[in-house]
Structure formats: C-alpha cells, structure tokens
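Trainee: Please take me through a model, feature by feature. For each one I would like the general idea and then the case at hand.

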Amino acid sequence: MDTYSILRELADSWFLLAMFCFFLGAIVWAFRPGSRSLHDDASQIPLRDTAPKASCSGTCSGCMKGQNDV
C-alpha cells in the first residue's frame, strides 16, 4: 500500500473517531456541573460599570512618561 492509501484509511476511521471524542469532551467540559457561575460571570463582563483608571503621574519607577516628549 502506498502512503496516500494508509493516511486515507486512518483519516476515514481513527482520526474521525478522535475528532468526535474531542468534540464530545469539549461539550461535556463546557456544560459540566458547577460551571454556570463562571459562565454567568463571564457574560456580565461587557456590562460592568467600572471607573476608568487614573492618569499616569509619571512618578513610578521605570516610567517612560516625559522621556519621549518632544
């Protein structure tokens, strides 16, 4: 048998089975018990009302503010 036929046979059977098992595992992992709170928290991230970060004062160590001003 040539290489193409061997790889074609594997792709038609074992790799298809492996991909299907991976798919089932991903579905089970996504819908596992106890993950609802994580999904609910992640779904609310765009809706959170957070205050913007304060402006840089340029006093921290390693700060590059002011060095690039021309």
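Trainee: What should I know about the model before reading numbers from it?

Mentor: This is a predicted model, in which local features need pLDDT of at least 70 and side-chain atom pairs count only at pLDDT 80 or more, while totals for chains, interfaces and linings use all residues. Residues are numbered from 1 along each chain as its sequence is written, and side-chain values use heavy atoms, with hydrogens and water left out.

Trainee: What is the mean pLDDT of the protein?

Mentor: pLDDT is the predictor's confidence in each residue, on a scale from 0 to 100. Here the mean is 81, and 77% of the residues reach 70 or more. Confidence is lowest in α1, at a mean of 86, and highest in α2, at 92.

Trainee: How many helices and strands are there?

Mentor: Helices (H or I, at least four residues) and strands (E, at least two) are DSSP runs, numbered from the N terminus. The protein has three helices and zero strands, and along the sequence the pattern reads α-α-α.

Trainee: What percentage of the residues count as buried?

Mentor: Buried means under 20% relative accessible area, exposed means over 50%, and partly exposed lies in between (1.4 Å probe, protein chains only). Of the 70 residues, 3% count as buried. Areas come from the Shrake-Rupley method with a 1.4 Å probe, and for residues only the protein chains shown count as cover. The accessible surface of the protein is about 6,800 Å², with 65% of it belonging to carbon and sulfur atoms.

Trainee: How many salt bridges does the rule give?

Mentor: A salt bridge is a side-chain nitrogen of Lys or Arg within 4 Å of a carboxyl oxygen of Asp or Glu. By this rule there are three salt bridges. One joins the side chains of R8 and D12, at 3.3 Å from N to O. Both residues lie in helix α1, four residues apart, or about one turn of the helix. R8 is partly exposed at 46% relative accessible area, and D12 is partly exposed at 47%.

Trainee: Which residue does the side chain of D40 meet in a salt bridge?

Mentor: D40 pairs with R36, at 3.8 Å from N to O. The two are four residues apart in helix α3 (residues 36–43), so about one helical turn separates them. D40 is partly exposed, at 38%, whereas R36 counts as exposed because its relative accessibility is 63%.

Trainee: With which residue does D41 form a salt bridge?

Mentor: D41 bridges to R48, with the closest N and O atoms 2.3 Å apart. D41 is partly exposed at 43%, and R48 is partly exposed at 44%.

Trainee: Which residues make the nonpolar surface patch?

Mentor: Patches are made of residues with over 30% relative accessible area and no salt bridge: like charges are joined within 9 Å, and nonpolar side chains (Val, Leu, Ile, Met, Phe, Trp, Tyr) within 5 Å. Here M1, I6, L7, L10, W14, F15, L16, L17 and M19 make a nonpolar patch of about 990 Å². Helices α1 (3–12) and α2 (14–30) each supply at least two of the patch residues. The largest share, five residues, comes from α2.

Trainee: Is W14 buried or exposed?

Mentor: W14, which lies in helix α2, counts as exposed because its relative accessibility is 57%.
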